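Have the model open in your viewer and keep the selection tool handy. We will go from stop to stop, picking out residues and looking at what surrounds them.

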Amino acid sequence: MEVDLLDVVQNSISTLGEPFEEEVIKSEVSEGDAVIDLGANIGFYTLIMAEVVGEDGEVYAFEPDPPNYEKLSTSVRLNGFDHVQLEQKAAFDRTGKHDLYISEEDRSTHHLYPSEDRRKRITIDTVRIDEYFTDEEFDFIKIDVEGAEYRALQGMKKTIGRSGPLKMVVELSPPDLAGFDVTPGEYMDLLRGFGFDLYVIDEADRELKPVPDNRLDGRLNPLGYMNLLCVRD
């Protein structure tokens, strides 16, 4: 794997940050599955899922940042994963162009909303997933797009709807969601509207904990966000 020396949480070279999330993804993805990875970064989870699904499965990975995408492409090629399809685009609620605000300290934290920390910005391609996939069904979707999760989900309602039994792992970061004027409650209501049951991926207790309501008290990790497993049987 081609690693990122600016990856401050070292997700590119270890699982020190979120080892339980890795376990959850490995257990929920199966051989032969069709998978989407939105916000693939340099491919840590893309490679894991590609190995699990095997040659009979499919992985579609989307990453808009050019340096990240280059590392992602190199790692997929080095592993000979011909069943992985890559797109240098960001999942969004419309297909077109958008500014990506770049973090020079940690290339895993670029985001699409206007930044107050004077980040430089580049123009990238966005894609509405419902326009990219017209009739495909999926078994598993990972979404980690630094606050644009709500907008990405808005652009993939048809894809989620026709996929029947489906599991997703998504990030919920209140400060990043606020960049798009979205509250955590609105985000979780959207997920539940698709028919998902929600579970916090609790790294400290290494447990999946049901989320019956929209309260965040005690559910955010020390870094101020949480990862959710979404299950629709």
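Start by selecting Ile122, which lies in strand S6 (residues 121-128); helices (H or I, at least four residues) and strands (E, at least two) are DSSP runs, numbered from the N terminus. Before going further, note that this is a predicted model, in which local features need pLDDT of at least 70 and side-chain atom pairs count only at pLDDT 80 or more, while totals for chains, interfaces and linings use all residues. Residues are numbered from 1 along each chain as its sequence is written, and side-chain values use heavy atoms, with hydrogens and water left out.

Ile122 is partly exposed, at a relative accessible area of 25%. Here buried means under 20% relative accessible area, exposed means over 50%, and partly exposed is in between (1.4 Å probe, protein chains only). Now show the surroundings of Ile122: setting aside residues up to four places away in sequence, Ile122 touches Asp65, Pro66, His98, Asp99, Leu100 and Ile102, where contact means heavy atoms within 4.5 Å. Draw a distance from Ile122 to Asp65, and you will find 8.8 Å from C-alpha to C-alpha across a sequence separation of 57 residues.

**The H1 and H2 pair**

Next, select helix H1 (residues 19-28) and helix H2 (residues 44-53), which pack at an angle of about 30 degrees with their axes 10 Å apart. The axes are lines fitted to C-alpha atoms, for helices over the stretch in contact, and angles run from 0 to 180 degrees between N-to-C directions. That angle makes H1 roughly parallel to H2 (angles under 35 degrees count as roughly parallel, over 145 as roughly antiparallel, 65 to 115 as roughly perpendicular and the rest as oblique).

Which residues in H1 and H2 meet? On the H1 side they are Glu21, Glu22, Ile25 and Lys26, and on the H2 side Phe44, Tyr45, Ile48, Met49 and Val52. The residues of this contact divide into 6 nonpolar, no polar and 3 charged. In that count, Ala, Val, Leu, Ile, Met, Phe, Trp, Tyr, Cys and Pro are nonpolar, Asp, Glu, Lys and Arg are charged, and the others, Gly among them, are polar.

Stay with H1 and colour its buried residues: Phe20, Glu21, Glu22, Val24, Ile25 and Glu28. These pack against H2, strand S7 (140-143), strand S8 (166-172), strand S9 (197-202), strand S10 (207-210) and strand S11 (226-232).

Then move to H2, where 8 of the 10 residues are buried, so H2 is largely enclosed by the rest of the structure. The ones to pick are Phe44, Tyr45, Thr46, Leu47, Ile48, Met49, Ala50 and Val53. Their cover includes H1, strand S1 (34-38), strand S2 (58-62), H3, strand S3 (84-87) and S7.

**A serine in H3**

Select Ser75 in helix H3 (residues 66-78). Is Ser75 buried or exposed? Ser75 is buried, with a relative accessible area of 0%. Beyond residues up to four places away in sequence, Ser75 touches Met1, Glu2, Ile42 and Leu47.

**The nonpolar cores**

Now look for the largest nonpolar core, which has 45 residues; Leu153, Met168 and Leu228 touch the most other members. Such a core is a set of buried Ala, Val, Leu, Ile, Met, Phe, Trp, Tyr and Cys residues joined through side-chain atoms within 4.5 Å. Centre on Met168: apart from neighbours within four places in sequence, its contacts are Phe140, Ile141, Ile143, Leu153, Ile160, Leu191, Phe196, Leu228, Leu229 and Cys230. A second, separate core of 25 residues includes Val29, Met49, Val84 and Ile201.

Go to Met226 in strand S11, which is buried at 2% relative accessibility. Among the residues in contact with Met226 are Val170, Met188, Val200 and Leu216. From Met226, draw a line to Glu203, 23 residues away in sequence and 9.3 Å away in space, C-alpha to C-alpha.

Glu203 sits in the loop between S9 and S10 and is partly exposed, with a relative accessible area of 24%. Arg206 is also in the loop between S9 and S10, and its phi is positive, near 50 degrees.

Last, select Asn41, in the loop between S1 and H2. Asn41 has a positive phi near 55 degrees and is buried at 18% relative accessible area. Most residues other than glycine have a negative phi.
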